[in-house]
Amino acid sequence: MPSKNAPLVNDVNIEIATVNGTGSQSSNNVLYRAILNMGIPASGKNIFPSNIQKLPTWFNVRASKDGYVARRNDADILIAMNPETATEDIARVPKGKIVIYNDSMAVDEKARPDLQYYPCSFDKLGVEVCDTPALRKYVVNIIYVGVVAQLIGLEWDALEAAIRGQFKGKSKAIDLNLVAARRGMEYAGESFKGDFPYRLEPMSEAKGKILIDGNTSVALGCLFGGCAFFPWYPITPASEVGEVLTRYAEKYRRTEDGKFRFAVTQTEDELAAVGMAIGGGWAGVRSGTATSGPGLSLMCEFLGLAYYTEVPVVVIDVQRVGPSTGLPTRTQQGDILLAAYISHGDTEHIMLLPSSANECFTFTQEAFNLAEEFQAPVFVMTDLDLGMNYWMADSFPYSTEPFRRGKVLDAKKLDELKQFSRYKDVDGDGVPYRTLPGTDHPLASYFLRGTGHDENAKYSEKPEVFVRVMDRLKKKYRTAADRVPQPDTVAEGKNGTAFLAYGTTHCAVVECLDQLRARGEEPGYLRLKALPLNEKVREFVGKHKRVYVVEQNRDGQMAQILQINFPDLAPRVRSMPHYNSFPIDAAFVTETYLKMEKEA
C-alpha cells in the first residue's frame, strides 16, 4: 500500500462489480481504452454469467507500467454497484484498499474498518444528467468511470477519445456519455479531498497499440490465411469468429464486379459444419470452422475421417469450462487431450497454441499452410479469456509470403511422373502427394476412403497394409514436429527447476518469474507454441530436475501429453493445475511453486 505522499503510479487493479444486462461493459471498456490512450499498458477481463440478465458480473481493468496483462485476483479499487453482492465483494478486498460504492446501497463500513470508502450519489447524479428514466441505469455506469478517472488522474482527453471510440457513429450517445463522465469527475473533485493512493501518468509503452479480441484476430487470420469456405454452428465463446469473418469477407472478399469470393454458412449442427469444411478441403479450397468443447465433441467422427483420408481442414477451438455444458462463459484449457487425440482409433493431431491476439492472427494463417502441407486437420486452441476479452496488440503484419499448398500434383506434373499413388511415401517424410478434384489427367483420380486402403487408395483389409499406413501417418506427424511454431525458451533458470506453459497461461507465468526473482528464485521457463512436441522440448525437460506444467484444467492435460511422449522423463514433469474458471493469476503460480518446492 503506497503512502499518502507517494502514490503508486501506473500500477492499479480496478474491479467493477455490477449486474449483468445493465450495459456496464461499454463503460468498463471506455475506462480500459482511456488508460491505453494515455500510453499505459492495460488489460481488461470480463467475468460474466451465461444467463442474460440480472446475475452478478465483474470486470477487471488493470494498468501496469511493467506491461503485465494477466488477471490480478486482488483489487486495489473496488467499484461496488451490485447490491446483491456488495457485502461479498467488499469482503474480498485486501486490507487498506479502496471501495467506491453507490450510496443508495446499505454498505456497513464498520464491518471492514480497514478499508477506505468513497460513497457516491450515483443515482442522484444520474437524474441530473439524464432526463430519460430508462437510460439512467446505463448513464450511471459512465458516471462511475468519471469518478474513478478524477481520483486516479485519468486525463480528460484520453477519456473523451475513449468515449468517442466506444460509441462511434452514435452522436447522441457520445454527447450523453461525455456529459455524464464530466459530471462524475466534477463530483469526485468536489466530494473527495486529499491524496489518493493510486495515480496515472502518461507513458509511451502503449502508443501505437491496437485493442482487439482474440476471436476477431482469428477471423482476420482466416481471411489472410486464404480461407474461402467457413461453415460453422453458433456456440459460446466461438460464435464471434464466424460473425466477424462474415462481416470482413463481405467487405473485402469480392471480385471487381462485386461477386463474393468466399462462402460462409451456418449449418444445422457442428457435425455438419466440420463435414462441409472437410469437403471443401478435399476439393482444394482452404476451409475451416470454429467451435468450443461441446461442439468439438460432436465433430469427433468426421475429424477421424479427415485424419485417415488425409484431408486438410482447420478447426478453431475457443475453449470454455467443461465437462458437458459446464460453465459456458468461463475460461479453461480443458480441450487439450480431446483435440490432441480426437476420434476413435490411433490419431494424433497438429495443434497451435497462441498466447496473444497477435498470435491468434499469425498462428491461424499458419494453420492453413500446415493443414495443406500435412494434409491433416490442424487445431488452433484459444480460450474464452483470449477470444472474448480485448487485448492490446501490435498492428498486424501483412504477410508477403505465398500460401504453402504442399504436395499437390497438377496435370503437367502427372505427365512428368507417369504414375501417381495417393498414399505412397515418396519422399520419406510420411507426407504423400495428392491431386485435386477436376484435375484433367487420367492419373489424377482416386477413391477417398475412410476404410482400410493401400498406397494406391484401393480398399484393403490386409493387416500388413494397415500397419504400413498407420506407421506412415505416425511418421508424418513426427515430421510436423519441426515445422510447427517452435517452443520459446523464455528463461534458462538457475534453480534446476522450470515452468512449462502455453496459451493465456503464459501471461501469468511471465509475471510470476519476476515475483520469484525478487525472492531470489530463478526457475527456467519454456513456452510451448504447438504440438507435436520435438527434441527442443525434450532437451529442456531433461535439463531440469522438476518441470512444473502450468495449465488451466484439473487433470494436467498437457503434463500428461509430455509424460506420454517422454516416458523416461515423466518423473520430472509435475502438473500445476488451475481450474476455478477464472483466468489464472501470477500470485497463484508463485505461491503454488513455493509450496510445491518446499514439499519436493
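User: Hi! Is Ser64 buried or exposed?
Analyst: Ser64 is buried, with a relative accessible area of 1%. Buried means under 20% relative accessible area, exposed over 50%, and partly exposed in between, using a 1.4 Å probe and protein chains only. This is a predicted model, where local features need pLDDT of at least 70 and side-chain atom pairs count only at pLDDT 80 or more, while totals for chains, interfaces and linings use all residues. Residues are numbered from 1 along each chain as its sequence is written, and side-chain values use heavy atoms, with hydrogens and water left out.

User: Which strand is Ser64 in, and what does Ser64 touch?
Analyst: Ser64 lies in strand 4, residues 56–64. Helices (H or I, at least four residues) and strands (E, at least two) are DSSP runs, numbered from the N terminus. Leaving out residues up to four places away in sequence, Ser64 touches Asn10, Ile40 and Pro41; contact means heavy atoms within 4.5 Å.

User: Thanks. Moving on, how many residues of strand 6 are buried?
Analyst: In strand 6 (residues 98–102), 5 of the 5 residues are buried, so the strand is largely enclosed by the rest of the structure. Both faces are covered, with Ile98, Ile100 and Asn102 on one side and Val99 and Tyr101 on the other. In a regular strand the side chains alternate between the two faces of the sheet.

User: Which strands are joined to strand 6?
Analyst: Strand 5 (residues 77–80) runs parallel to strand 6 and is joined to it by 4 bridges, with Ala80 opposite Tyr101. Strand 7 (residues 116–120) is also parallel to strand 6, through 5 bridges, and there Gln116 is the bridge partner of Ile98. Two strands pair if DSSP finds at least two bridges between them.

User: What do strand 5, helix 2 and strand 6 make?
Analyst: Strand 5, helix 2 (residues 86–91) and strand 6 make a right-handed β-α-β unit. Right-handed means that, with the strands pointing away from the viewer, the path from the first strand over the helix to the second runs clockwise.

User: Now the sheet with strand 18. What is the strand order?
Analyst: The order is 18-20-19-22-23, in an open sheet of 5 strands with mixed pairing. Strand 18 and strand 23 stand at the edges with a single partner strand each, so one side of each has no neighbour in the sheet. The twist averages 25° from one strand to the next.

User: Where does helix 18 pack?
Analyst: Helix 18 packs on the sheet, touching strand 18, strand 19, strand 20, strand 22 and strand 23, and its direction makes about 155° with that of strand 20. Helix 19 packs on the sheet too, and its direction makes about 140° with that of strand 22. Axes are lines fitted to C-alpha atoms, for helices over the stretch in contact, and angles run from 0 to 180 degrees between N-to-C directions.

User: Which residues of helix 18 are buried?
Analyst: In helix 18 (residues 535–542), they are Val537, Phe540 and Val541. Seen down the helix axis, they fall within an arc of 95°, so they line one face of the helix. That arc is the one spanned by the directions from the helix axis to the C-beta atoms.

User: Last one: where is Glu521?
Analyst: Glu521 sits in the loop between helix 17 (505–517) and strand 20. Glu521 counts as partly exposed, at 24% relative accessibility. Its contacts, not counting residues up to four places away in sequence, are Asn495, Leu516, Tyr593 and Leu594. The C-alpha atoms of Glu521 and Asn495 are separated by 6.9 Å, although the two residues are 26 apart along the chain.
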